[in-house]
Amino acid sequence: MGTITARKKKKSGLIVYTAQIRITRKGKTVHSESQTFDRKKLAVAWMNKREGDLFEPGGLERAKHGNVTLADVIDQYIRENAAPMGRTKTQVLRTLKSFDIADLSCEEITSAHIVALARELSIDKKPQTVANYLSHLSSVFAIARPAWGYPLDKQAMQDGVIVAKRLGMTSKSRQRDRRPTLEELGDLLAFFRRRSAQAPQSMPMDEIILFALFSTRRQDEICRISWADLDEQNSRVLVRDMKNPGQKIGNDNWCDLPAPALAVIKRAPQKAERIFPYSPESISANFTRACRLLGIEDLHFHDLRHEGISRLFETGYNIPHAAAVSGHRSWVSLKRYSHIRQRGDKYDSWEWMPANE
């Protein structure tokens, strides 16, 4: 595999020895390197040591990618991912590049470095958030070696995640059970209705809240629905790129629209391609600001989806029927709603209930 060649320097006439190592597989050269020495003994010693290093497990990969850092791999992961990643995952991976671990070469990173990263993240982040950061980083470790040959140790990542969990630095997200009261919803709707009267060009947050409540749609989904996605005859809507852990892009699903949700759409003005042509960030900011002004504590826009699903079961929906509205693929996540004790629709006589035209 290795050869040593002697040659004479033209200017000095001194003899130097070049040790060259070439590795071939199936007739093709997969690695080549050389070093020149003044003495043959040194050339032989270097060649023997390098051959030993290269034949160790992972030795060839270290020789090829020894200077590639975790930050480099993260960049390549983002750049070459054929399916566009979610905004949150992209932001998390870019944030991780600012931590010390990102400056380490791939071959250096061990489970201890993963644990150290989790500990550093824990300084200003909740255990659930730390778990999300490590989960997104795990996806990079999972494909770095098989896709590009980078010596990132997938097992080291898995071991680090286990240790971080055992030490309490990570945990699963807690299920929220916050449900808005009819009084709170009424205050919010009245607030936005007054604003619309004073500034007709403002976002119709009252209608968006009602649609979110009765359709059970997420705010991102609400902003993507177009008039072309509405099947009024069958009271359903095509929800594009529905949230799904395994497939976020191209996951389009038809979801049933309860009568109040369809009533909200039918009275919306057709001024644009989308039914609600607004950004999710603006919806969230308007909702949060209104809650603060009205003194409504710990209420998120996403809680409207939970309230809407709870209402479905309270009015007699079974799990398959509710899933047809909410879009859940797994019925397991709907079981916590199906044990609701209250029965009947508390919104029946509600003054804000959208009426069918």
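Which helices do the buried residues of helix 5 pack against? Let me get to that.

First, the ground rules. This is a predicted model, where local features need pLDDT of at least 70 and side-chain atom pairs count only at pLDDT 80 or more, while totals for chains, interfaces and linings use all residues. Numbering runs from 1 along each chain as its sequence is written, and side-chain values use heavy atoms, with hydrogens and water left out.

Now helix 5, residues 111–121. Helices here are DSSP runs of H or I, at least four residues; strands are E, at least two; both are numbered from the N terminus. Its buried residues are Ile-114, Val-115, Leu-117, Ala-118 and Leu-121. Buried means under 20% relative accessible area, exposed over 50%, partly exposed in between, with a 1.4 Å probe and protein chains only. These five cover an arc of only 155 degrees around the axis, so they sit on the same side of helix 5. That arc is taken from the directions from the helix axis to the C-beta atoms. And the partners: helix 4 (87–96), helix 6 (127–148) and helix 7 (154–166). Contact means heavy atoms within 4.5 Å.

Next, the cores. A nonpolar core is a set of buried Ala, Val, Leu, Ile, Met, Phe, Trp, Tyr and Cys residues joined through side-chain atoms within 4.5 Å. The largest has 41 residues, and those with the most contacts inside it include Leu-188, Phe-287 and Trp-350. Helix 9 gives this core its largest share, 8 residues. Apart from it lies another core of 33 residues, Ala-118 among them.

Last, Lys-26. It lies in the loop between strand 2 (15–25) and strand 3 (28–37). Lys-26 counts as exposed because its relative accessibility is 88%.
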